[in-house]
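Hi,

Here is the structure I promised to pass on. Have a look at it first, and then read my notes below.

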Amino acid sequence: MRILVTGGAGFIGSNFVHRTLATRPDAEVTVLDALTYAGTRASLAGVEDQIRFVQGDVADESVVEPLVAESDVVVHFAAESHNDNSLADPSPFIRTNLVGTFTLLEAARRHDVRYHHISTDEVYGDLELDDPKKFTEDTPYTPSSPYSASKAGSDHLVRAWVRSFGLRATLSNCSNNYGPRQHVEKFIPRQITNVIDGIRPKLYGDGLNVRDWIHVDDHNDAVWTIIDQGRIGETYLIGANGEMNNRDVIALILELMGQDRDAYDHVTDRSGHDRRYAIEAGKLRTTLGWTPRYESFRDGLEATIAWYRDNEAWWRPMKDATEAKYALTQEVVAR
């Protein structure tokens, strides 16, 4: 099977590449990645001699067309995905998440290539903290940020191409991922690397915002389940029943790293910060038989902490720049 993985040097995409090569020895993998700040060849260390790497933009038809034409499956991870960055400058999110998806869809349509689209639960907006409901495949879209709005738009494009042109596509919307190779700007790796560096973790607002956490390997195993068994045109929500508020996540990180559970600082909350996400993954579990390997968030987090301790050479080059950016943001907010 010839697989084109867009965004394959980013967090979830690179883990997908590692997982695919470990579990599918017959796979021929091509990675397309623009290598923006969130993508790095270092995330493909150990497998580079088993793949073909192409540096390029998913919105560039001249790059995308020949790669899709020679593929059996396109798995589209490439996305601008950081809420804070989308508030500062939405334009890269529109280009990558909307124009990039359109470019891939057109190429997949022309060459009748199987396509799987990776999306997020953030397209559904948020839930009240005391709401008993969870997101399902039928939940209306109410995105809150330029990032989530651009991902919502890309999902609608995929569904339109299925209905209008018969594109052989499936979609998945996943809850918050954690695990190896995640950029240190993101919540969990930022706290882990701060503790390693002797810096007190930072918590937005009251810290009661709830996220539904899933280990990246479980996400990627679910993606393969959908590619193999999913019904064309269907959307599947991916989650591992990992709801936890941000305050408790930081406290658990501190505990697992041998610190006091309250050794963190509060900082000003960011604009439009969604209160709660929660995924109901029953369709994926019952119709396709998928179950997560990391049933315990604590076990998955402990393994993640160990990875960051053992792979400082991977995250160290990006750490100082990330903390300098956040320090400037907090200084501006405080004025």
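A residue counts as buried here when its relative accessible area is under 20%. By that cut-off phenylalanine 93, at 1% relative accessibility, is buried. Please keep in mind that this is a predicted model.

How many aromatic pairs does the structure hold? The count is 15. In one of them, the ring centres of phenylalanine 93 and tyrosine 147 are 6.3 Å apart and the planes lie at 65°, so this pair is edge-to-face. Is tyrosine 147 buried or exposed? Its relative accessibility is 6%, so tyrosine 147 counts as buried. Elsewhere, ring pairs join Tyr124, Phe135, Tyr141 and Tyr277 into a cluster.

Helix 4 also turns up in a helix packing. Two packed helices are described by the angle between their axes and the distance between the axes. For helix 2 (residues 61-69) and helix 4 (residues 91-111), the axes come within 9 Å and cross at roughly 40°. The crossing of helix 2 with helix 4 is right-handed. On the helix 2 side, the residues in contact are Glu61, Val64, Glu65, Val68 and Ala69, and they meet Thr103, Leu104, Ala107, Ala108, Arg110 and His111 of helix 4. Sorted by type, the residues of this contact are 6 nonpolar, 2 polar and 3 charged.

Next, helix 7, which covers residues 216-229. From first C-alpha to last, the 14 residues of helix 7 reach 20 Å, close to the 20 Å expected at 1.5 Å a residue. Helix 7 is largely enclosed by the rest of the structure, because 11 of its 14 residues are buried. Among those buried residues are Asp217, Asp218 and His219, along with Trp224, Ile226 and Ile227.

Where does asparagine 311 sit? Its place is in the loop between helix 10 (297-310) and helix 11 (312-334). With 26% relative accessibility, asparagine 311 counts as partly exposed.

Over to you!

Definitions and conventions: Residues numbered from 1 in each chain as written. Predicted model: local features only at pLDDT ≥ 70, side-chain atom pairs only at ≥ 80, totals over all residues. Heavy atoms only, no water. Helix = DSSP H or I, 4+ residues; strand = E, 2+ residues; numbered from the N terminus. Expected span 1.5 Å × (residues − 1). Buried < 20%, exposed > 50% of the residue type's maximum accessible area, 1.4 Å probe, protein only. Axes fitted to C-alpha atoms, helices over the stretch in contact; angles between N-to-C directions. Left-handed = near helix turned anticlockwise from the far one by under 90°. Contact = heavy atoms within 4.5 Å. Nonpolar A, V, L, I, M, F, W, Y, C, P; charged D, E, K, R; others polar. Phe/Tyr/Trp six-rings, centres within 6.5 Å; stacked < 30°, edge-to-face > 60°.
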